[in-house]
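The tour below goes from one selection to the next.

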Amino acid sequence: MITEEIEAPQTVTELEKIMMSRFANRFYLNREVDRETIAGILASARYAATGANVQPWRVYVTAGDAKKQLIDAISTAHADAPGEHSSEYRYLPDPLPEPFASRRREFGSVFFGSLGIGVEDVAARAANTARNCRFFDAPVALIFTIDRRLEKGSWLDLGMFIQNIMLAAKARGLDTCTQEFLSRYHAVIRENLPLDSEELVVCTMAIGFGDPEWAKRRPQMPKAGLEEFASFHGL
């Protein structure tokens, strides 16, 4: 568990504390975030590692009326014809092999259990999923794209850029939640934002001030121990 790692007898830097305290927050306060704060976060995040300095990322920042227009369009598409929309890439394989499938099931059990939503409560699960369309009511929504002509290496770079944003936001007292789910509505997003034809929607991100009450009762997602993913050689 994260708490066990934090309490381990080792030196933990302030940056590492931010890394270990970050989580995907799906509950936000009705509190605005100013443009200067978001611009500052992005200005810092652009120093993410990137092979050959390609810097493959592009991000669209939406708030206020622009976000409301986007939410209305995505929500309508999700309500009327969700089956007609799909992402331009596959996030996970089907079937998902072990141990990854077990971890995914565990996530569902822990997360929905914390909300009091049972496995068989299809309606409640669907309602919770639909909250993605509203960016979980966060005041700011980011949409990340990548040039579809690039290869997997640039996707790694984009991931590091997104991680930088999450850490910089947490350092400023903000929470985030990345959303692969909304990549399926790329056509709707394209109708509402000036994306070039070569831009592929990778994911979105909700960002804002997290609800402190949820933070108090949210479950800690179990993390694999060091021995499960790392091996040391000559050290």
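Select helix 3 and strand 1: each supplies at least two residues of the lining of the second largest pocket (helices are DSSP runs of H or I of at least four residues, strands runs of E of at least two, numbered from the N terminus). Helix 3 gives the most, with four residues. This is a predicted model, where local features need pLDDT of at least 70, side-chain atom pairs count only at pLDDT 80 or more, and totals for chains, interfaces and linings use all residues. Residues are numbered from 1 along each chain as its sequence is written, and side-chain values use heavy atoms, with hydrogens and water left out.

Next, show the side chains of the lining, among them Asp-34, Arg-35, Leu-42, Val-59 and Val-140. A pocket here is an open set of points on a 1 Å grid over the protein atoms alone, where a 1.4 Å probe fits, with protein on both sides within 12 Å along at least five of seven lines; lining residues have an atom within 4 Å of a point. The volume is about 200 Å³, counted as the space filled by probe spheres set on the points.

Seven bridges join strand 1 to strand 2 (residues 140-147); pick Tyr-60 and its bridge partner in strand 2, Ile-143.

Definitions and conventions:
Pairing = 2+ DSSP bridges.
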